[in-house]
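Here are some short notes for your review of this model. Please read them with the structure open.

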Amino acid sequence: MRILGIDTSGPVASAAAWEDGVVRAEMVLNTGLTHSQTIMPAIDAVLHACSWTCADVDAFAAVAGPGSFTGVRIGVCAAKGMAHALAKPCARIHALEALAMQARGFEGVVCPILDARRDQVYSAAFCWAEGDLPQRVLADAAQSLEAYMDSLPPEGRLLFVGDGVGKYAPSIRERFGSRALLADELMGLRASAACALAARQKQAWMPAGELTPIYFRAPQAERERKERENGAG
């Protein structure tokens, strides 16, 4: 089974080619260029590295959010376009679950946080018990870091992952001290994690036309419009 993974949901873009449990090729780009400039060349590069064409792919796994509204749309549209053209299925991958997947086997609570701006983080929490998938400890939310930290278990080790770690590291260390491990090397989500999740959730694959973004809140333009309307009222 061959899966092409795509992630453009955050500051880092990546593409990965996965086959029967093995990452055949992966490209990670944090160059400052827009994802619309980098993701298709990255996809071409990993396919070329494996001597694959798009027709050789069995499913297209896209990280559908939460994350940057524009970034999420770029990755979702790329996956939908290729899958639709080839009549292949898509896998809709949750960014926070994919980050937890990268911490597979951690003995404690995995705490993925993504910078949602406006002094908020996209957050959840997971643990690794039995099986090949992370188990939820906390539901998804867009909230302040303080509210998130208040909701975490009072004891045990905490592994913080995601692009919010760099921004909020001082606050996390002040609150949890040695309980908190800050996985700076895992700050960027990897498309290979999306592939691993897709392979384990084959029953959730869907036709390309059903692939949609995962949003925790309305896009900024819509929020600003409502604020203007409320102000005018």
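1. Start with a cut-off. A residue counts as buried when its relative accessible area is under 20%, and as exposed when that area is over 50%; values in between are partly exposed. Phenylalanine 69, at 13%, is therefore buried. Keep in mind throughout that the model is predicted.

2. Aromatic pairs. How many does a search of the whole structure find? It finds three. In one of them, the ring centres of phenylalanine 69 and tyrosine 215 are 4.8 Å apart. Their planes lie at 50°, so this pair is tilted.

3. What the pair joins. Phenylalanine 69 belongs to helix 2, residues 69-86. Tyrosine 215 sits in the loop between helix 6 (191-200) and helix 7 (220-232). The pair thus ties together parts that are 146 residues apart in sequence. Tyrosine 215 is partly exposed, with 34% relative accessibility.

4. Another tilted pair. The ring centres of phenylalanine 160 and phenylalanine 176 are 5.9 Å apart, with planes at 35°, so the pair is tilted. Phenylalanine 160 is in strand 9 (residues 158-161), and phenylalanine 176 is in helix 5 (residues 164-176). The two are 16 residues apart. Phenylalanine 160 is buried at 0% relative accessibility. Phenylalanine 176 is buried at 10%.

5. Helix 1 against helix 2. At what angle do the axes of helix 1 and helix 2 cross? The angle is roughly 35°, and the axes come within 10 Å. Helix 1 covers residues 35-50. The crossing is right-handed. Helix 1 contributes His35, Ser36, Ile39, Met40 and Ile43 to the contact. Helix 2 contributes Gly71, Ile74, Ala78 and Met82. By class, the contact has six nonpolar residues, three polar ones and no charged ones.

6. The annotated region. An unreviewed UniProt entry lists residues 34-149 as "domain: Gcp-like". In the model, the chain over residues 34-149 is 40% helix and 33% strand. The end C-alpha atoms of this stretch are 32 Å apart.

7. Helix 6. Is helix 6 largely enclosed or largely open? Eight of its ten residues are buried, so helix 6 is largely enclosed by the rest of the structure. The buried residues are Ala191, Ser192, Ala193, Ala194, Cys195, Ala196, Leu197 and Ala198. Their cover includes strand 1 (2-7), strand 2 (13-19) and strand 3 (22-29). It also includes strand 4 (59-65), strand 5 (90-94) and helix 3 (95-101).

8. Glycine 65. This residue is in strand 4. Glycine 65 is buried, with a relative accessible area of 0%. Leaving aside neighbours within four places in sequence, glycine 65 is in contact with Val72, Ile93, His94, Ala95 and Ile214. Which sequence separation goes with its 9.4 Å C-alpha to C-alpha distance from threonine 212? Glycine 65 and threonine 212 are 147 residues apart in sequence.

9. Aspartate 184. It lies in the loop between strand 10 (180-182) and helix 6. Aspartate 184 is partly exposed, with a relative accessible area of 43%.

Notes
Residues are numbered from 1 along each chain as its sequence is written. This is a predicted model: local features need pLDDT of at least 70, side-chain atom pairs count only at pLDDT 80 or more; totals for chains, interfaces and linings use all residues. Side-chain values use heavy atoms; hydrogens and water are left out. Rings of Phe, Tyr and Trp (its six-membered ring) pair if their centres lie within 6.5 Å; planes under 30 degrees apart count as stacked, over 60 as edge-to-face and the rest as tilted. Helices (H or I, at least four residues) and strands (E, at least two) are DSSP runs, numbered from the N terminus. Buried means under 20% relative accessible area, exposed over 50%, partly exposed in between (1.4 Å probe, protein chains only). Axes are lines fitted to C-alpha atoms, for helices over the stretch in contact, and angles run from 0 to 180 degrees between N-to-C directions. A crossing is left-handed if the near helix is turned anticlockwise from the far one by less than a right angle, and right-handed if clockwise. Contact means heavy atoms within 4.5 Å. Ala, Val, Leu, Ile, Met, Phe, Trp, Tyr, Cys and Pro count as nonpolar, Asp, Glu, Lys and Arg as charged, and the others, Gly among them, as polar. UniProt positions are given in the numbering used here, feature names are shortened, and annotations may be inferred rather than shown by experiment.
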